[in-house]
Amino acid sequence: MLIGTELAVSVFINPVLQKLDDRAHAKAISLFATRLGHAMPFWYGFSLVLLITETIAKRHESGSTLLIAASAIWLAVILLSVLVLVPINNRMMQLDAKSFPEEAQREHRRWTNLHHLRVAALVVAMICFLLAAHQ
């Protein structure tokens, strides 16, 4: 579900937001950043705990290497998020709906590009998990 949410943000929500005028775009980004910014840290952490639990439970079975890879990717995604994406997201929460300055637009584009990388990494982690579950 988490990967689906992240994919929806990347493929559907952000492209639609880009079509809005600057004021509406800034307001929508601020609202989404606030809502998702509060929920996602817990969701990411809980997902990692579940993945590590599965990795430990299946450590002696075939596919354990894939589970370790999925866990490592997930951890790397969390580190990327905390160190780079969350600070940008926090600044996006503070956007003033009256304007969307060029610097904020540039920063949002950077967030979007890094978010695409995050989504790709999460998809790879999911594939590793599914392959491990299939073995």
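This is a predicted model: local features need pLDDT of at least 70, side-chain atom pairs count only at pLDDT 80 or more; totals for chains, interfaces and linings use all residues.
**Entry 1: helix 1 and helix 4**

I began with helix 1 (residues 2-17) and helix 4 (residues 102-134), whose axes come within 9 Å and cross at roughly 140°. That angle makes helix 1 oblique to helix 4, and I noted as well that the crossing of these two helices is left-handed.

**Entry 2: a salt bridge across the pair**

I then looked up the salt bridges, of which a search of the whole structure finds 5. One of them joins the side chains of Arg 118 and Glu 6, with N to O at 3.9 Å. Because Arg 118 lies in helix 4 and Glu 6 in helix 1, this pair ties together parts that are 112 residues apart in sequence. Are the two partners buried or exposed? I found Arg 118 buried, with a relative accessible area of 7%, and Glu 6 is buried too, with a relative accessible area of 4%.

**Entry 3: Glu 102 and its partners**

Turning to another salt bridge, I found the side chains of Glu 102 and Arg 109 meeting at 3.1 Å, N to O.

**Entry 4: Lys 58 and Glu 54**

I next looked up Lys 58, which forms a salt bridge with Glu 54, where the closest N and O atoms are 3.6 Å apart. Lys 58 is partly exposed, with a relative accessible area of 30%, and I wrote down Glu 54 as partly exposed as well, its relative accessible area being 27%.

**Entry 5: a nonpolar patch on the surface**

Last, I went to the surface and asked which residues form a nonpolar patch there. The patch is formed by Leu 75, Leu 79, Val 82, Leu 83 and Val 86, which together have about 460 Å² of accessible area. I followed up one of these residues, Leu 83, and placed it in helix 3 (residues 64-93). Leu 83 has a relative accessible area of 63%, and because exposed means over 50%, I recorded Leu 83 as exposed.

Methods: Residues are numbered from 1 along each chain as its sequence is written. Side-chain values use heavy atoms; hydrogens and water are left out. Patches are made of residues with over 30% relative accessible area and no salt bridge: like charges are joined within 9 Å, nonpolar side chains (Val, Leu, Ile, Met, Phe, Trp, Tyr) within 5 Å. Accessible areas come from the Shrake-Rupley method with a 1.4 Å probe; for residues, only the protein chains shown count as cover. A salt bridge is a side-chain nitrogen of Lys or Arg within 4 Å of a carboxyl oxygen of Asp or Glu. Helices (H or I, at least four residues) and strands (E, at least two) are DSSP runs, numbered from the N terminus. Buried means under 20% relative accessible area, exposed over 50%, partly exposed in between (1.4 Å probe, protein chains only). Axes are lines fitted to C-alpha atoms, for helices over the stretch in contact, and angles run from 0 to 180 degrees between N-to-C directions. Angles under 35 degrees count as roughly parallel, over 145 as roughly antiparallel, 65 to 115 as roughly perpendicular and the rest as oblique. A crossing is left-handed if the near helix is turned anticlockwise from the far one by less than a right angle, and right-handed if clockwise.
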